[in-house]
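I open the model and keep short notes as I go. Each entry records one thing that I looked up.

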Amino acid sequence: MLIIALAGADSVEAINALIAGSFGGTIAIARTLTFLLPLTLVALGWIVAFSSRRINVGFEGQILMGGVAAAWAGIYLAPHIPFPLQLPFAVLIAVVAGGLYAAIAALLWAWRGVNEIISTLMLNFIATGIVAWLVAGPMQEPTHQFPNSPPVVPSALWPHLLPNSTLTWDVLLAPILVAFTWFVMNRTAAGFLLRLTGSNERAARFAGVSTRLVTVMSLAASGALAGLAGSSLILGAGTGKLAAQFSAGFGFDGIVVALVARNNPLAVLPAAVLFAALRSGSGLMEARAGVSSQLVFITQGLVILLVAGSAFLFEQMALD
Amino acid sequence: MASDLLLEMRGITKAFPGVVANRDIDLAVKPGEVHGLLGENGAGKTTLMKILYGLVQPDQGSIAVRGNPVVIASPRDALRLGIGMVHQHFMLVPDMTVAENIALGLREGRTPLTRLGTVSKRIEALSKQYGFNLEPDDVVGSLSLGRRQRTEILKLLYRGADLLILDEPTAVLTPTESNELFSVLRLLGWQGRSTIFITHKLDELIAVADRCTVLRDGKVVGSLAKAEMDQRAMARMMVGRDVVLRVPRLTLLPGDPVLEATHLSLTAAGRPVLYNLTFAVREREVLGVAGVDGNGQQELVEVLAGLVKPTAGGFTVHGSAAVIPADRHGDAIALSMTLSDNLVMTDIAKGRFRRRGLVRGDEVHRHGRRLLTEYDIRAPHLKVRASAMSGGNQQKVVLARSLYRQPRLLIAAQPTRGLDVGAIEYVYQKILDHKRAGGGTLLISTELDEILSLSDRVAVMVSGRLVAILDIHDVDLEKLGLLMAGVVQGPEPAAAS
């Protein structure tokens, strides 16, 4: 509020616009929910990798590679396979692509000790380059006029959940995958070994765990979740075409969601709703109150600081 | 009368939610006295010292320093009153020199710049005065743990402390370094400076303390003068019952070998750390490996546990094996996970308690309950975090999960490090039970008493070599000490085994 006022605008009006833009009416809510899935998936991906104390900052790249795979399957493969299999197949290929792309960084870490923060970050640039080249070359639409691919076969797209909105059925994957991630981490043997590796790597090795394998798998699973997010950006809410930069920063905003959720999968959903709303409402706020949508980024930053600060306070209180 | 005392704490009471940590505690320290503070884990020693150091405020009670009543609200207040504390984990910056570390936080003169030159001169003087053998320009990270500890002590002396609190100071020291520390404390005593010495180790206390106060369950159970100190009596006061410090010798007829190592060698970073080790552990026997810390013991455990591949030679385990690593927090316990998780982590890694990829929660729970009773692990429930448990209870968790399946081979490295008398006795009993049940044990320890009371044969490790493997009847403390120091060469290991 103070910041909006400092920026010289009517703060009440701005907040109203932000809320109206994110929750005011069916269309606004639908748009907000459209952002929910990629944010949720990336946040879960961060949590899975961080459970083995690895830091994946390559979600942008993994989203892009997942999207490329989904688009390729939806454009070139779908016409040759029966209708009910087209969408599942495209989604599956995207998941595998995202996982394999993250596995590059994971294996470099396991075999050569390459720091995964650096490698995943660098792989983002490579993925951006690959997509830019694809949409201007091998996968460009037939007229060679626009920097995007031809559209995906309509039958391979997610069906709309609400008429006249961008919202598609894939949004239901968000709560499902939150529950699934929580279940895998807390109820399966694989999740147990993952938490053990993250909690005390040496104790895990003394217990006979191949911590290297566990870590590689956690990074690959993290990338697979991002790959799934990529498939949704192509086959779900989007235009159904592959275009440069379609990842739209979800790969980093999702990390913020995970941090706000304090790495708890169950808290990811509410945190993702908050950030989806900020993303969704910023346009209207800019139009109505004349507040730059950049201010939303400042708000996001403030939220992170407050969460980090409160975490620190709680720890201090726990110590006393 | 009261002014004869350097410190007098009266009626100190402190309650935390659910537990009274200190109940009506009196503690008096005379100038120049080395005052031992003895008690099991959780007896209230740490809380009492935190109160004295201003980290915790008492609910009731008073503190007087040199006869004047005082309120100690922070460590800064404590230091102003001449009270300084050396924590178990040193508070030093490894990349800085001794002088820089000591100058940290000092406010001398009016300039914002610290006068390192002046500090260095005083350090040299103090170091010479107490025989510390510290150079102001040495980088702390390059010093041995013993010297780092002296740097901590010097830091407090520099700030004019005349009451030092040492929290388990010998835990990180070699026997020689411990003896040097004791002479320093005596020297300080002659100059009128007092020490409060917190420890579990009775023999050390008897060697160095002028008086000692024993705590149990947050209360003072006794205060003994030097002449009254007696290991057995002190142990009984501490745990409230008789403790078998020396377990009765149990000699059984050894059976087939369960572990055979032949010419086992390991080179790490181009340096040989294990050299040509040949030994065997048989059923119903304990082979003790004695040696000063850092002579290859940790590497030996890592090789035998399968974490590291030997560069030459090999070993065979006949049957199942379980490992108790030396570094409890580093290698054995996942502190952020629950008690239940820690009890089953080895099993789940090996494929037990699973069905179709899922952890069988009900069975894990039943198993956990059973181990809690069987191994006397004290915890409110199974979901308590391992970090909230005492060291003794954590070690019981490691023991329980290692022994419940009755492995043929037990590799126990420093199984009693940091434990109090009651818990040590418990570990000894469990190792003997394992032997009685027909298992073989490789006991790796730097505590010579432990080696001598439990082993049937003793191997001495120096610089990654086994310099001797002797029958227990052929060794005594002195001989062992000389072998460990590398002064005497033992008979060829091959001949003895």
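**Chain A: overall build**

I started with the secondary structure of chain A, which comes to 13 helices and zero strands. Helices here are DSSP runs of H or I with at least four residues, strands are E runs with at least two, and both are numbered from the N terminus. Along the sequence I read the pattern α-α-α-α-α-α-α-α-α-α-α-α-α for chain A.

Ground rules next. This is a predicted model, in which local features need pLDDT of at least 70 and side-chain atom pairs count only at pLDDT 80 or more, while totals for chains, interfaces and linings use all residues. Residues are numbered from 1 along each chain as its sequence is written, with chains lettered from A and ligands numbered from 1 in the order in which they are written.

I then checked size. A compact globule of 320 residues would have a radius of gyration near 20 Å, and chain A agrees because it has 20 Å. That radius is taken over C-alpha atoms, and the globule rule is 2.2 Å times the number of residues to the power 0.38. Along the principal axes, the C-alpha atoms of chain A fill a box of roughly 60 × 60 × 30 Å.

Burial: 53% of the 320 residues in chain A are buried. Buried means 20 or more other C-beta atoms within 10 Å of a residue's own, exposed means 12 or fewer, and partly exposed is in between, with C-beta atoms placed from the backbone.

Contacts: two residues count if their C-beta atoms, placed from the backbone, lie within 7 Å. Of the contacts in chain A between residues at least 6 apart in sequence, 77% join residues at least 24 apart.

**Helices in chain A**

I looked at α7 (residues 173–187) and α8 (residues 189–199) of chain A, whose axes come within 5 Å and cross at roughly 75 degrees. Axes are lines fitted to C-alpha atoms over the stretch in contact, with angles from 0 to 180 degrees between N-to-C directions. α7(A) and α8(A) are therefore roughly perpendicular, the class for 65 to 115 degrees. From α7(A), Val184(A), Met185(A), Asn186(A) and Arg187(A) meet Ala190(A), Gly191(A), Leu194(A) and Arg195(A) of α8(A).

Next, α11 (residues 250–260) of chain A. Nine of its 11 residues are buried, so this helix is largely enclosed by the rest of the structure. Phe250(A), Asp253(A) and Val260(A) are among the buried ones. Arg262(A) follows α11(A) and has a positive phi, near 50 degrees.

**Chain B and its contact with chain A**

Which residues of chain B face chain A? I found 21 residues of chain B in contact with 17 residues of chain A. α10 (328–332), α11 (339–349) and β17 (358–359) of chain B each give two or more residues to that side. α11(B) has the largest share, four residues.

I noted the domains of chain B: domain 1 (2–239), domain 2 (244–320 + 406–497) and domain 3 (332–404). The bounds come from an automatic or database domain assignment. Over C-alpha atoms, the centres of domain 1 and domain 2 of chain B are 35 Å apart. Nine residues of domain 1 of chain B are in contact with seven of domain 2 of chain B.

**One residue: Arg282(B)**

Is Arg282(B) buried or partly exposed? Arg282(B) counts as partly exposed, because 19 C-beta neighbours lie inside 10 Å. Arg282(B) lies in strand β12 (residues 271–282) of chain B. Leaving out residues up to four places away in sequence, Arg282(B) touches Pro254(B), Gly255(B), Asp256(B), Pro257(B), Val258(B) and Gly440(B).

Methods:
Parallel < 35°, antiparallel > 145°, perpendicular 65-115°, else oblique.
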